[in-house]
Amino acid sequence: DIYMYEYHTYSEIQQLLNSIETTYPLLCKTMVIGKSFEKRDLRLMKISTGKGLNGTAKPSVWIDGGIHAREWIAPATAINIIHLLIRGYVTNDTVVLKMLNDFDWYILPISNPDGYVYTWTTDRMWRKTRSINGIYSCRGVDGNRNFDFHWRETGTSYNTCAGTYGGPEAFSEPETRAIADFVLKNNKSIKLFLQLHSYGQYWLTPWGYTAWTVPRDHADLLYLARLGRNTIRSKYTSHYLVGTAARMLYPASGGTDDWVYSVAGIKYAYTIELRDIGRYKFALPADYIQPTSEEIFEGIKTVTKHLKIEL
Ligand code: 0X9
Ligand code: ZN
């Protein structure tokens, strides 16, 4: 499994998703939910053991990574979550079988393929998409400032050269549009939405756009996040801080989490900032991939177990 504990290029990850689908055709299905600005596939892995008992679709979990290109640990962790779900299924792990029995899983390891490729070829610290903003302007939009909820109000820039440029309009990017369309199409079934970022070790809740108010489900959102965080802390001694994104970090609007919570109506919408807490920052060495993935997977186990009780 050494392959799982290295960083991989965009095309290696696409090949990996395809070969997983070929190896486990009854369990895994890849779906292209859209194309990037430079026409790369947004390839999502659906993991499902089939319909629920009464023949209806199961509740589902969404996980995505890499909306910020340089945060390499996010796609790596997303791929490992796929890997750990499949390994648990193959080895008949009771807890994983229950996770698969209770939920369908939609995992999009790379939400910003153009940016990801650019971090491999040209600029390791690139954050945004690679869309063209005009001949005299800098390229790219911050995908996590491009969602249509309090768009371009706080913690975002009007300057195309800024890392937090919100775009010419909400959903100007094909990548954010594709995610939003898929989520809206499936918002009845998606019960948990996790977006992976780095770094800092936070399990963040809405709101991101303001620190002045909290959403209606604030207490429930904190409760479930703390359960996940406590599991991580007890098994791995890594500390993740729980709180609203605006209060723990800074107010920033147009984020995926706020839109998913308020517009798509998915109650449990979280942003997880993975390791580390500032030693290596975005350039986290590959030996951290395994522990980071495993601790997040343990957190997800706890969260889905409790979510199931609530449903
Ligand atoms: O600023 C961001 O987009 C995220 N932090 S990062 O360092 N990975 O860029 C935090 C986003 C939290 N959610 C919202 N502000 N809505
Ligand atoms: Zn990020």
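Analyst: Axes are lines fitted to C-alpha atoms, for helices over the stretch in contact, and angles run from 0 to 180 degrees between N-to-C directions. Helices (H or I, at least four residues) and strands (E, at least two) are DSSP runs, numbered from the N terminus. The model is a predicted one, in which local features need pLDDT of at least 70 and side-chain atom pairs count only at pLDDT 80 or more, while totals for chains, interfaces and linings use all residues. Residues are numbered from 1 along each chain as its sequence is written, and chains are lettered from A and ligands numbered from 1 in the order in which they are written.

User: What is the mean pLDDT of the protein chain?

Analyst: pLDDT is the predictor's confidence in each residue, from 0 to 100. The model scores ipTM 0.99 and pTM 0.98. In the protein chain, 100% of the residues reach a pLDDT of 70 or more, and the mean is 97.

User: Are H2 and H3 roughly parallel or roughly perpendicular?

Analyst: The axes of helix H2 (residues 73–90) and helix H3 (residues 94–102) come within 8 Å and cross at roughly 110°. Angles under 35 degrees count as roughly parallel, over 145 as roughly antiparallel, 65 to 115 as roughly perpendicular and the rest as oblique. H2 and H3 are therefore roughly perpendicular.

User: Which residues of H3 make the contact with H2?

Analyst: Residues are in contact if their C-beta atoms, placed from the backbone, lie within 7 Å. On the side of H2, the contact is made by Leu85, Gly88 and Tyr89. The partners in H3 are Val96, Leu97, Met99 and Leu100.

User: How many charged residues does the contact of H2 with H3 have?

Analyst: Ala, Val, Leu, Ile, Met, Phe, Trp, Tyr, Cys and Pro count as nonpolar, Asp, Glu, Lys and Arg as charged, and the others, Gly among them, as polar. The contact of H2 with H3 has 6 nonpolar residues and 1 polar residue. The number of charged residues there is none.

User: Is the crossing of H2 and H9 left-handed or right-handed?

Analyst: The axes of H2 and helix H9 (residues 289–310) come within 9 Å and cross at roughly 60°, so the two helices are oblique to each other. A crossing is left-handed if the near helix is turned anticlockwise from the far one by less than a right angle, and right-handed if clockwise. For H2 and H9 the crossing is right-handed.

User: Which residues of H9 meet H2?

Analyst: H2 contributes Ile73, Ala76, Thr77, Asn80, Ile81 and Leu84. By class, this contact holds 7 nonpolar, 4 polar and no charged residues. The residues of H9 are Ile289, Thr292, Ser293, Ile296 and Phe297.

User: How many charged residues does the contact of H6 with H9 have?

Analyst: Helix H6 spans 218–236, and H6 and H9 pack at an angle of about 140° with their axes 8 Å apart. H6 is therefore oblique to H9, and their crossing is right-handed. Among the residues that meet are Arg229 and Lys235 in H6 and Glu295 and Glu298 in H9. Beside 8 nonpolar and 5 polar residues, the charged ones number 4.

User: Which elements give two or more residues to the shell around ligand 1?

Analyst: A residue is near a molecule if its C-beta atom, placed from the backbone, lies within 6 Å of it. Ligand 1 is surrounded by 14 residues, the closest being His197, Gly208, Ala245, Ala252 and Gly255. The elements are helix H8 (256–262) and strand E8 (268–274).

User: Where is Asp276 found?

Analyst: A cis peptide bond, with omega about 5°, joins Arg275 and Asp276. Asp276 lies in the loop between E8 and H9.

Terms used:
Two residues are in contact if their C-beta atoms, placed from the backbone, lie within 7 Å.
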